[in-house]
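Here are some notes for a colleague who is opening this structure for the first time. Please read the numbered points with the sequence and the 3D view side by side.

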Amino acid sequence: MQTLRTIALAVAAAGTLAAGAAHSARGITVKGSDTMVILAQRWAERYMTEHPGAIVQVTGGGSGTGIAALINGTTDVCMSSRPMKEDEKRKLRDRYQTMGVELPVAKDGLSIYVHESNPIQRLSLEQLRDVYTGAVTSWKPLGGPDAPIILYSRENNSGTYVYFKDHVLLGRDYSARCQTLPGTAAVVNAVARDPNGIGYGGAAYGRGVRELAIRRDADSPAVAPSAATVRDGSYPVTRFLYLYTRTRPAGDVKKFVDWVLSADGQALATQVGYFPVR
Amino acid sequence: MHIVNPNAFASPTPREGPGVAPPPPGEVGLKLEAWIAAGLIVPLGWCGWISTVDAQPPGPDSLAAPAVEDAGGRLEGLTEQVQTIQADTDRMKRFKFSGYVQVRWETAENSGDTVKVSGTTLTPANVERFYIRRARLKLTYDASPLSQAVVYFDGGSDRTIRLLEGYLALLDPWTSDHRHQFWAGQFNVPFGYEIERSSSLRELPERSRAENVLFPGERDRGLKLVTPWTDRLETVVAVINGGGVNSLDFPTTDPTGGKDVLGRARWSQGVFDVALSYYDGLGLVPLTGDDVETDRTRFGADAQLYYELPTLGGGSLKGEFYSGTNVNADSVLALTVSSSVGRLLRPGADPAHFDTDFIGGYAMWVQNLGEKLQFAARAELFDPNTDLDHDQFERVSLAVHAFYDGFTRITVSYDVPRTDVAATGGGYDDAPDNLWTVQFQHRF
């Protein structure tokens, strides 16, 4: 009798699960990096056009949000503008017994934006670090007007935020005066309206602002972000953009990922303003 | 480097904002008529003002300009409000709430829930029940990148809310991700693998018996230093009271005076992790008369191997081994604990044999069955006194998990323990104590 009741409960649980599984039949979901949203949307549109019946849903939220969604199972594919951290891999492993599959799908140059009226044309990485850590708070020592520097940044769930902190600030903390904004477009908007503002974000977003040339160090030439300089690595602030899956891609997810890495998918990345990895 | 989505940059400028657009021409005409009518009926004392209006009849531009100016002011005001809200939101983001609830149905071959009634009759054993195994709420406050405070409550099967963990963590300022940590407070004992692994993630409803006996409650009070030497190698050193937070004697004081010291070194290769742990301390058994102090040492080794199969997905093999010296479980069982009579040795117990060597451990296999199902099997052993036969505990446990969504897990498990019980006609029998468990868990 006890066993029968237990089995009945188990069957009820399985039924509930089946309902959940049926609910999950909704095509491929792609979530994560706001930097990659436009690119992934274009990929999805073109893929669905070329593959009638396929459904690919793309949403942003930031790399951290996308990775969290990958871990808790609410997205099939995560887009991230930074590599997964060790503790994130451990969380994925705790649930799925896997380390995740990392797929570099495009290359990006991270642009530094200032207002179009700002006379500053170039900064070194060290100057940029000083600006964003709060060591330099005025444009004057950088050759600009005697005006305060207004810092704009992404939120800490953003892969761009993490990449900038790790590679430009060398791990140091952002200045407490830094204003965080949701999305690169918001950063661009804020800088476009603020003559004293400075921000950073994906190169494909830089409208209404001016992009600075960056020196690797004080003795290096200043290099402006461009297709050529990002591709050849001479522009100092470049990075890979990734897709992540929990396990080796299979079925519809594999078809989509394979297409993203195909000549067509990579050509689309170039059209959007990023750089192919193949 | 070209623009791909101009709409992404469209911001509501004053000219575009709703309610600030210049009014249509017809509407302006109506307003002019109203101004003229008003000028005809107002008292003469206001003529100067009226004449000003008449002299400069407001055209569309002169009406729109103040409106735009007004809208600009409002926008600035809204911007300030948004910045204030943003600052408040940033402060609120320092608080993080998390937790989980585990609701269980259990049906067992025996139960400790038998209720004694008056007379000689006992109620039948309660072998089936619903209960809340764990209901936990954790609050983390990230004051800055360099410090953190955590309080963690449980209101589970005993229906009493109690503090499970409470500690502060200081993070180093010299690494980019602040990897070195110093903890002070009440936290999981950093020994082995399964102790620190959250019950919400574990593949079987309960930890192994060896862990339950050696680290009751899993938590203790003290200090902990976490040092990642490389991306792969991490060491932990801790000083704690010893005895655990569930101990009757150790909740606030440590009768042994000396503190227990432990350490662990873990190598994480990703697909293969291995760790060694060591614990050195003293246990005190308070008795009526002289108390007895015993060694409390534990050695631990654990390893986890992860793999992936086509179609099925990820899987893992995990194992953990414990050995050391502990208070003799048989002597402890022989003690009578009562606040009125103190603690006495049962007649026949050997005070000279208070601590004994023990061994324990488990081997576990976990296999995902796609992304919605998972299977787990574990075989375990705990021998509390290696010098004594028929006191071993063995158990085989099986579980299937169904993941309803990213936060909810439904588990059906079956435990088959084996314990030797002296049989009436001589020899030993396995006690009837198998257990079915159905568990619903939600994390947040």
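1. In this predicted model, Lys107(A) has Phe240(A) as its bridge partner in β12(A). The two strands concerned, β4 (residues 101–114) and β12 (residues 238–245) of chain A, pair in the antiparallel sense over eight bridges, where pairing requires that DSSP finds at least two bridges between two strands. Strands are DSSP runs of E with at least two residues, helices are runs of H or I with at least four, and both are numbered from the N terminus.

2. A word on conventions: residues are numbered from 1 along each chain as its sequence is written, while chains are lettered from A and ligands numbered from 1 in the order in which they are written. Because the model is predicted, local features need pLDDT of at least 70 and side-chain atom pairs count only at pLDDT 80 or more, whereas totals for chains, interfaces and linings use all residues.

3. A three-strand open sheet of chain A has the order β5-β10-β11, with mixed pairing. Its edges are β5 (122–124) and β11 (222–223), each of which has a single partner strand, so one side of each lacks a neighbour in the sheet. β10 (residues 213–215) and β11(A) pair in the antiparallel sense over two bridges, and Arg215(A) stands opposite Ala222(A). Helix α5 (residues 125–133) of chain A packs on this sheet, touching β5 and β10, and its direction makes about 85° with that of β5(A); contact here means C-beta atoms, placed from the backbone, within 7 Å, and the angle, on a scale from 0 to 180 degrees, is taken between N-to-C directions of axes fitted to C-alpha atoms, for helices over the stretch in contact.

4. Is helix α6 (residues 159–167) of chain A largely enclosed or open? Seven of its nine residues are buried, so α6(A) is largely enclosed by the rest of the structure; among them are Tyr161(A), Val162(A) and Phe164(A). A residue counts as buried with 20 or more other C-beta atoms within 10 Å of its own, as exposed with 12 or fewer, and as partly exposed in between, the C-beta atoms being placed from the backbone.

5. In helix α9 (residues 251–260) of chain A, the buried residues are Val253(A), Phe256(A), Val257(A) and Val260(A). They cover an arc of only 95° around the axis, which puts them on the same side of α9(A), the arc being that of the directions from the helix axis to the C-beta atoms. The face turned away from this buried side carries the exposed residues Gly251(A), Lys254(A) and Asp258(A).

6. The largest nonpolar core has 37 residues, and Val30(A), Leu39(A), Ala40(A) and Leu243(A) have the most contacts inside it; such a core is a set of buried Ala, Val, Leu, Ile, Met, Phe, Trp, Tyr and Cys residues joined through C-beta atoms within 7 Å. Helix α2 (residues 37–50) of chain A gives the largest share of this core, seven residues.

How values were computed. Two residues are in contact if their C-beta atoms, placed from the backbone, lie within 7 Å.
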